[in-house]
Amino acid sequence: MKVGVLFLCFMLVATVLVSCSKAGDDVFVPTRTTAIVVINAGPDTLNIYQKGTRLNSGSNLLPGGQYTSLQVSTGSSNFQFKQAGRAELLIDAPFTIDTAAAYTLIVGGRSADKVFCYAIPCLKKILPTSGL
């Protein structure tokens, strides 16, 4: 009886160890993100994409409207803009986004030279360590 229980425990431990093997598993690479503001100063109702993924999933960006705190991936990538209800790409503009700044994208027309990216370096707020 004890031999059967020991054998069962051994097989259970061996199964767990084999199932945790990392050989052939993909390495997880965390994606860094930051929030940006997008302002539509152009005449079209837009949808915003980064690397082919739509960022404004809730509603379209109306002329004169803005989105605050859109989460985007950091690094170099293209931001695409499509007219609402259309599949064709209207604008494809490359930008580099870093976590050390706050960004605002302003869409002022129907071409990449009418899209502007402004970065404001983040200021670190130093709190006093005593007297709080």
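1. Strand β2 and strand β5 (residues 75–83) are joined by 5 bridges and run antiparallel. One of the positions involved is L46, which stands opposite Q83 in β5. The model discussed here is predicted.

2. On β3, strand β2 (residues 46–50) has another antiparallel partner, with 2 bridges joining the two. Y49 has R54 of β3 as its bridge partner, and Q50 has T53 of β3 as its own. β2 and β3 form a hairpin with 2 residues between them. In that turn, K51 has a positive phi of about 55°.

3. These pairings belong to an open sheet of 4 strands, in the order β3-β2-β5-β6, with antiparallel pairing. Its edge strands are β3 (53–54) and β6 (89–97), each of which pairs on one side only. As background, the strands of a sheet pair through backbone hydrogen bonds, in either a parallel or an antiparallel way.

4. Are the residues of β2 buried or exposed? The strand is mostly covered, and 5 of its 5 residues are buried. L46, I48 and Q50 point one way from the strand, while N47 and Y49 point the other way. Burial therefore applies to residues pointing either way from β2, given that "buried" stands for under 20% relative accessible area.

5. A further open sheet has 4 strands in the order β4-β1-β7-β8, and its pairing is mixed. At its edges stand β4 and β8 (115–121); each has a single partner strand, so one side of each is left without a neighbour in the sheet. Neighbouring strands here are turned by 30° against each other on average, direction ignored.

6. Within this sheet, strand β1 (residues 33–40) pairs with β4 in the antiparallel sense, over 6 bridges. The bridge partner of V38 in β4 is Y67.

7. T68 is worth a look as a residue of strand β4 (residues 66–73). Which residues does T68 touch, not counting those up to four places away in sequence? With that exclusion, T68 touches I36 and V37. The C-alpha atoms of T68 and I39 are separated by 8.6 Å, and the two residues lie 29 residues apart along the chain.

8. How accessible is T68? Its relative accessible area is 48%.

Definitions and conventions
Residues are numbered from 1 along each chain as its sequence is written. This is a predicted model: local features need pLDDT of at least 70, side-chain atom pairs count only at pLDDT 80 or more; totals for chains, interfaces and linings use all residues. Side-chain values use heavy atoms; hydrogens and water are left out. Two strands pair if DSSP finds at least two bridges between them. Buried means under 20% relative accessible area, exposed over 50%, partly exposed in between (1.4 Å probe, protein chains only). Contact means heavy atoms within 4.5 Å. Axes are lines fitted to C-alpha atoms, for helices over the stretch in contact, and angles run from 0 to 180 degrees between N-to-C directions.
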